[in-house]
Amino acid sequence: MSTLDVARTELGLVVLYLNKAEARDKICRAIQYGSKFLSNGEAGTAQNVDKATSLARKVFRLFKFVNDLHALISPTAPGTPLPIVLLGKSKNALLSTFLFLDQIVWLHRSGIYKNKERAEIIGRISLFCWMGSSVCTTLVELGEIGRVSKSIKKLDKELKGTDKYKNEQYRAKIKASNERSLALIKAAMDIVVAAGLLQLAPKKITPRVTGAFGFATSLISCYQLLPSQPKSKTP
């Protein structure tokens, strides 16, 4: 494969990535929380970027609540334990509510909805919903990691005496465990971000801490959205 072919393939992956509305939203989110980290809540250019990007991101999320609403009424995978099912459905309900209420916040910041006091109350309720969904996600991922770990141990015994890393099923389970662990870290950090936005512990979770955690989870989200790169053979 020539250098030009490799460059074309790489650029194609970048185009594929940037064509995703979710990817653009997460890139904007990284800019938003990076600016929050730099501003530390003080007026200036960084805070202006934070506020402007926050408002711009709300456009990406218009009607996005339908996704989790659909997941809420969709059947779960067979064999999923009831507690994990209930936590998953609670996460979908809370996240869908957050995204729906966030549209009202956007209407207010855009100057369409004039009731400032009610909009602020709705904004706090929406953030509490997001925090609740992050808590549910954390618990779901903990449960799923436990399930995957059990299946890995069982498969490990079956493959005893062989090179288990050559087994496709074993590699798939390891990959699933790593993905679940990353999702767990992201969800747990998002709880801190939500607490910071709600100012539940302003002395400990400062705007800089909120920005740092939000920037980190944004990078994780960007990584999770990366397209799988096809393997290329070099001459």
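Guide: A residue is called buried when its relative accessible area is under 20%, exposed when it is over 50%, and partly exposed in between. The model under discussion is a predicted one.

That scale applies at once to D156, a residue of helix α6. Its relative accessible area is 31%, so D156 is partly exposed. Setting aside neighbours within four places in sequence, D156 is in contact with K164 and Y170.

The crossing of α5 and α6 is left-handed. The loop between α5, residues 82-109, and α6, residues 116-158, holds I112. With a relative accessible area of 57%, I112 is exposed. The C-alpha atom of I112 is separated by 17 Å from that of A52, a residue 60 places away along the chain.

On another side of the account, α5 meets helix α4, which covers residues 65-73; the axes of these two helices come within 8 Å and cross at roughly 155°. Helices α4 and α5 are therefore roughly antiparallel to each other, and their crossing is left-handed. From α4, the residues making the contact are F65, D68, L69, A71, L72 and I73, and from α5 they are K89, N92, A93, L95, S96, L99, F100 and Q103. By class, the contact of α4 with α5 has nine nonpolar, three polar and two charged residues.

Two loop residues deserve attention for their backbone angles. Most residues other than glycine have a negative phi. F63, located in the loop between α3 and α4, is not a glycine, yet its phi is positive, at about 65°. F63 has a relative accessibility of 58% and so counts as exposed. N40 likewise is not a glycine and has a positive phi, near 55°. The loop that contains N40 runs between α2, residues 21-39, and α3, residues 45-60. At a relative accessible area of 27%, N40 is partly exposed.

On the α2 side the contact is made by K26, I27, R29, A30, Y33, G34, K36, F37 and L38; on the α8 side it is made by P207, R208, T210, G211, A212, G214, F215, T217, S218, S221 and C222. These residues of the contact divide into nine nonpolar, seven polar and four charged.

T217, one of the α8 residues in that list, belongs to a helix that spans residues 207-224. Its relative accessible area is 0%, so T217 is buried. Leaving out residues up to four places away in sequence, T217 touches R29, K186, M189 and D190. R29 is itself among the α2 residues that make the contact with α8.

The cysteines complete this view. A disulfide is a covalent bond between the sulfur atoms of two cysteines. With a limit of 2.5 Å between sulfur atoms, the count of disulfides is zero. For C136, which is in no disulfide, the nearest cysteine sulfur is that of C129, 11 Å away. C136 counts as buried, since its relative accessibility is 10%. C222 is also in no disulfide, and the nearest cysteine sulfur, belonging to C28, is 9.6 Å away. C222 has a relative accessible area of 12% and is therefore buried.

Technical notes:
Residues are numbered from 1 along each chain as its sequence is written. This is a predicted model: local features need pLDDT of at least 70, side-chain atom pairs count only at pLDDT 80 or more; totals for chains, interfaces and linings use all residues. Side-chain values use heavy atoms; hydrogens and water are left out. Helices (H or I, at least four residues) and strands (E, at least two) are DSSP runs, numbered from the N terminus. Buried means under 20% relative accessible area, exposed over 50%, partly exposed in between (1.4 Å probe, protein chains only). A crossing is left-handed if the near helix is turned anticlockwise from the far one by less than a right angle, and right-handed if clockwise. Contact means heavy atoms within 4.5 Å. Axes are lines fitted to C-alpha atoms, for helices over the stretch in contact, and angles run from 0 to 180 degrees between N-to-C directions. Angles under 35 degrees count as roughly parallel, over 145 as roughly antiparallel, 65 to 115 as roughly perpendicular and the rest as oblique. Ala, Val, Leu, Ile, Met, Phe, Trp, Tyr, Cys and Pro count as nonpolar, Asp, Glu, Lys and Arg as charged, and the others, Gly among them, as polar.
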